[in-house]
Amino acid sequence: MAIVMKIEVRAVDGECLPVPDLEIGARYRYENSPSTWDTETTNGDGVASFVDEHPEPPLEMRLYVSDALCDTFEVEDGATLVLEL
């Protein structure tokens, strides 16, 4: 049975201003399943919404910008994560 989770990522610059039109990649890591990947683009408020179906609860979410690992977060449905660039 698949699990659907929604997680928002708010991208901000060093002055805490939103970063629009930024492609963010998310790699989800699981205990027993192969990792999965998704990409979303931030809106005008710097928010990217990830709504994904998972084979089991993810252990973590690794966020990437331009193939560079930015940060790793624990995953919780409905969470809003802040990614400072």
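Student: How many bridges join strand β2 to β5, and in which sense do the two run?

Tutor: Two strands count as paired if DSSP finds at least two bridges between them. Here strand β2 (residues 23-29) and β5 run antiparallel, joined by five bridges. Arg29 stands opposite Glu60 in β5. Strands (E, at least two residues) are DSSP runs, numbered from the N terminus. This is a predicted model: local features need pLDDT of at least 70, side-chain atom pairs count only at pLDDT 80 or more, and totals for chains, interfaces and linings use all residues. Residues are numbered from 1 along each chain as its sequence is written, and side-chain values use heavy atoms, leaving out hydrogens and water.

Student: Is strand β5 mostly covered or mostly open?

Tutor: Buried means under 20% relative accessible area, exposed over 50%, and partly exposed in between (1.4 Å probe, protein chains only). In strand β5 (residues 60-65), five of the six residues are buried, leaving the strand mostly covered.

Student: How many disulfides are there?

Tutor: A disulfide is a covalent bond between the sulfur atoms of two cysteines. The rule asks for a pair of cysteine sulfur atoms within 2.5 Å, and by this rule the count is zero. Cys16 is in no disulfide, as the nearest cysteine sulfur, that of Cys70, is 16 Å away. Cys16 is exposed, at 59% relative accessible area, while Cys70 is partly exposed, at 33%.

Note on methods: Helix = DSSP H or I, 4+ residues; strand = E, 2+ residues; numbered from the N terminus.
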